[in-house]
Amino acid sequence: MKYHVSTMDKRRYVQRARATATEATRQRILEASRSTLERGPVGALKVDEVAREAGVARSTVYVLFGSRAGLFDALARQLRDEAGFDQLVHAFRQPDALQAMRDAQRAAVHMYAKVPDLARALFTLGAIDPDAVAAVTAIEDGRRPGQAELARRLADQGYLRADVGVEEAADILNVITSFQAFDELFAGSRLPADAVADRLIAMAERSICRADA
């Protein structure tokens, strides 16, 4: 018995094979970009170097990512996905505002601790490299509004100190939840992630919450 493969089936097979190959190439480029960033020096993300390390043509990087800025943006989104951004969102949505603050801070610390070198490189470049701005925006998207919302929730549930207003609480939370605050303790003081989380949570509670909270 002979089996005949239709032209349509052949076309679908070719399309799937091409899509698989394209995704594999995309991942190789991202891995090469990440390796380049993590080993430094700052500003070393050069498309030529990334293409050479990934074993592709320079033009392939632009075809798949559009631009150097697009490559930065893809790296940042990969960081968020790999590090567990969904766990941070889940913690933040807890109904009790104080518990949400504690758990979200701990989730953020563990998220950064999974990829500290990549995060550090992206945040550093975000201040000096126009192409990296989109990457930092992707990582930071919603953090400031989120802390403002959390401050309002803490106030509504009676957790804020009498002498701390919602705007001040939001500003304090925004500083404490930043990557820079994490890295000062994680890389600067060489504390393990859990200790970093404990200290940042304590800072937040002592700064804005009632003593009996």
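Me: Hey, at what angle do the axes of α5 and α6 cross?
Reply: Roughly 170°, and the axes come within 8 Å. Keep in mind that this is a predicted model.

Me: OK, what does that make α5 relative to α6?
Reply: Roughly antiparallel: angles over 145 degrees get that label, so α5 counts as roughly antiparallel to α6.

Me: And which residues make that contact?
Reply: On the α5 side you have F85, Q87, L88, A91 and F92. From α6 come A100, D103, A104, A107, A108 and M111.

Me: How do those split by class?
Reply: The contact of α5 with α6 has nine nonpolar residues, one polar and one charged.

Me: Now α7. How does α6 pack with α7?
Reply: Helix α7 covers residues 116-126, and its axis is 5 Å from that of α6, at an angle of about 95°. That makes α6 roughly perpendicular to α7.

Me: Who's touching whom there?
Reply: Y112, A113 and K114 of α6 meet P116, A119 and F123 of α7. By class, that contact has five nonpolar residues, no polar ones and one charged.

Me: What about α6 and α9, what's the angle there?
Reply: About 145°, with the axes 8 Å apart. In α6 look for A97, L98, A100 and M101, which meet L150, R153 and L154 in α9. The residues of this contact divide into six nonpolar, no polar and one charged.

Me: Switching topic: how many aromatic pairs are there in the whole structure?
Reply: A search finds six. One of them is Y112 with F179, an edge-to-face pair with 5.0 Å centre to centre and 75° between the planes.

Me: Where do those two sit, and how far apart are they in sequence?
Reply: Y112 is in helix α6 and F179 is in helix α11, residues 179-188, so the pair ties together parts that are 67 residues apart in sequence.

Me: Last topic, pockets. How much space is in the largest pocket?
Reply: About 400 Å³. The lining has 25 residues, and F85, L88, F92, R143 and Q147 lie nearest the centre. F85, L88 and F92 also turned up in the contact of α5 with α6.

Me: Which elements give two or more residues to that lining?
Reply: Those are α5 (85-92), α6 (97-114), α8 (133-140), α9 (143-156), α10 (166-176) and α12 (193-208).

Me: Which one gives the largest share?
Reply: That's α6, with six residues.

Me: And how many of the lining residues are nonpolar, polar or charged?
Reply: The lining has 15 nonpolar residues, five polar and five charged.

Terms used. Residues are numbered from 1 along each chain as its sequence is written. This is a predicted model: local features need pLDDT of at least 70, side-chain atom pairs count only at pLDDT 80 or more; totals for chains, interfaces and linings use all residues. Side-chain values use heavy atoms; hydrogens and water are left out. On a 1 Å grid over the protein atoms alone, a cavity is a set of points where a 1.4 Å probe fits but cannot get out, and a pocket is an open set with protein on both sides within 12 Å along at least five of seven lines; lining residues have an atom within 4 Å of a point. Grid points are joined across faces, edges and corners, and a volume is the space filled by probe spheres set on the points. Helices (H or I, at least four residues) and strands (E, at least two) are DSSP runs, numbered from the N terminus. Ala, Val, Leu, Ile, Met, Phe, Trp, Tyr, Cys and Pro count as nonpolar, Asp, Glu, Lys and Arg as charged, and the others, Gly among them, as polar. Axes are lines fitted to C-alpha atoms, for helices over the stretch in contact, and angles run from 0 to 180 degrees between N-to-C directions. Angles under 35 degrees count as roughly parallel, over 145 as roughly antiparallel, 65 to 115 as roughly perpendicular and the rest as oblique. Contact means heavy atoms within 4.5 Å. Rings of Phe, Tyr and Trp (its six-membered ring) pair if their centres lie within 6.5 Å; planes under 30 degrees apart count as stacked, over 60 as edge-to-face and the rest as tilted.
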